[in-house]
Amino acid sequence: MPAGEFTMGADAVMMDDAIARCQKQSAYEDCETTYKENASLRSVFLEMYYIDKYEVTNAEYQKCVSSQNCSMPKDTKLGAINYFGNTKYAAYPVIWVTREQAKQYCASRNAYLPSAAEWEKAARGTDRRVYPWGNEANLDSRVNGRGSNDGFPYTAPVGSFSLGVSPYGAFDMAGNVSEYVDESVSITYFVYRDNATNIYTYDMTRGGSYYEFEGVLKTYEIGSGFGWINTGFRCARDATP
Ligand SMILES: [Ca+2]
Ligand SMILES: [Ca+2]
């Protein structure tokens with residue numbers, strides 16, 4: 001990734017769209033606050049860095065576990081499927097890991113979990129696009145989103161969607177598994193009964209996944225991860241000498 005400035009976040013139209021989608025999905029969330037605090041339009045300068053072209057796979061994570069630099073994912077199954085440790089799923093993205101486990105894995109490679117800005121620049125380049133490939137919503141050939149019209153009801157082998165590649169050549173920046181970045185997101189919930197609000201902090205994820213509705217697949221969307229069946233990650237590395 002070259003050094004330079006890029007515009008991060010949602011413009012006015014994208015912001016309205018993200019808030020409306022969020023409100024439709026959750027009547028209890030203060031969507032306006034979440035998006036205005038986490039996805040406002042801003043210019044960010046980043047030094048040169050590297051970021052993985054692919055989501056971290058089961059095989060890669062397994063290697064780290066075998067060399068005792070990583071701990072086992074919380075679960076080895078994806079629904080009824082024997083997933084982690086099954087050679088059939090070696091090239092599929094690792095799931096069921098916490099942000100801490102993701103950080104540990106990246107550290108074992110002398111790398112780190114990317115910041116939200118590093119992740120987003122890799123996903124959308126410098127022209128404020130909605131999706132990694134551009135602005136068209138023609139999703140099924142470009143992203144593993146919800147449902148199986150794209151060929152995959154659950155996760156797909158990493159790098160399966162060459163038409164969905166980002167301007168810098170990164171795969172699956174939309175969909176497949178949502179990805180931890182090294183940041184948290186505070187979400188405010190309305191507690192109608194008490195006429196009050198509650199704030200919870202979650203690990204931020206980006207890019208959406210095979211599990212979520214398609215609005216979440218946009219480059220500026222903010223997700224929250226629970227180390228569940230749809231959360232994975234990729235790593236970044238310093239490139240400054
Ligand atoms: Ca799918
Ligand atoms: Ca992804």
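A residue is called buried here if 20 or more other C-beta atoms lie within 10 Å of its own, and by that count 42% of the 241 residues of the protein chain are buried. The model is a predicted one, and its protein chain has five helices and ten strands. A compact globule of 241 residues would have a radius of gyration near 18 Å, and the 17 Å of the protein chain agrees with that.

**Overall form**

- Taken along the principal axes, the box filled by the C-alpha atoms of the protein chain is roughly 50 × 45 × 35 Å.
- Among the contacts in the protein chain with a separation of 6 or more, 72% are made by residues 24 or more positions apart.

**The nonpolar core**

- In soluble globular proteins, nonpolar side chains tend to be buried together.
- The largest nonpolar core in this model has 52 residues, and those with the most contacts inside it are Tyr35, Ala102, Tyr105 and Leu113.
- Two or more residues are given to this core by each of the elements α1, α2, β3 (49-51), α3 (58-66), α4 (99-108), α5 (116-124) and β6.
- Tyr35, once its neighbours within four places in sequence are left aside, is in contact with Ala10, Met15, Ala18, Ile19, Cys22 and Ile222.

- Helix α2, which covers residues 31-38, has Cys31, Thr34, Tyr35 and Asn38 as buried residues.
- Seen down the axis of α2, these buried residues fall within an arc of 85 degrees, so they line one face of the helix.
- The cover over the buried residues of α2 includes α1 (12-25) and β6 (178-191).
- In helix α4, the buried residues are Arg99, Gln101, Ala102, Tyr105 and Cys106.
- The buried residues of α4 fall within an arc of 160 degrees when seen down its axis, and they therefore line one face of that helix.
- What covers the buried residues of α4 includes α3 together with the strands β6, β7 and β8.
- After α4 comes Asn110, which has a positive phi, near 55 degrees.

**The four-stranded sheet**

- Four strands in the order β8-β7-β6-β9 make up an open sheet with mixed pairing.
- At the edges of this sheet are β8 and β9 (231-232), each of which pairs on one side only.
- β6 and strand β7 (residues 196-206) run antiparallel and are joined by ten bridges, and one of the facing pairs places Tyr180 opposite Thr205 in β7.
- These two strands, β6 and β7, form a hairpin with four residues between them, and Asn195 in the turn has a positive phi of about 50 degrees.
- Strand β8 (residues 223-225) pairs with β7 over three bridges in the antiparallel sense, with Met204 standing opposite Ser224 in β8.
- On the other hand, β6 and β9 pair in the parallel sense over two bridges, and the bridge partner of Ser178 in β9 is Thr231.

**Buried loop residues and positive phi values**

- Most residues other than glycine have a negative phi, and most peptide bonds are trans.
- Trp96, which is not a glycine, has a positive phi of about 60 degrees, and its place is in the loop between β5 (81-82) and α4.
- Trp96 counts as buried because 20 other C-beta atoms lie within 10 Å, and the cut-off for a buried residue is 20 or more.
- Asn176, in the loop between α5 and β6, also has a positive phi, near 65 degrees, in a residue other than glycine.
- Asn176 has 33 C-beta neighbours inside 10 Å and therefore counts as buried.
- Tyr92 is found in the loop between β5 and α4, and with 26 C-beta neighbours inside 10 Å it counts as buried.
- Apart from its neighbours within four places in sequence, Tyr92 is in contact with Thr57, Asn58, Thr155 and Pro157.
- Between Tyr92 and Tyr210 there are 13 Å in space, C-alpha to C-alpha, while the two residues are 118 residues apart in sequence.

Definitions and conventions: Residues numbered from 1 in each chain as written. Chains lettered and ligands numbered in written order. Predicted model: local features only at pLDDT ≥ 70, side-chain atom pairs only at ≥ 80, totals over all residues. Buried ≥ 20, exposed ≤ 12 C-beta atoms within 10 Å, placed from the backbone. Arc of directions from axis to C-beta. Contact = placed C-beta atoms within 7 Å. Pairing = 2+ DSSP bridges. Rg over C-alpha atoms; globule rule 2.2 N^0.38 Å. Core = buried A, V, L, I, M, F, W, Y, C linked by C-beta atoms within 7 Å.
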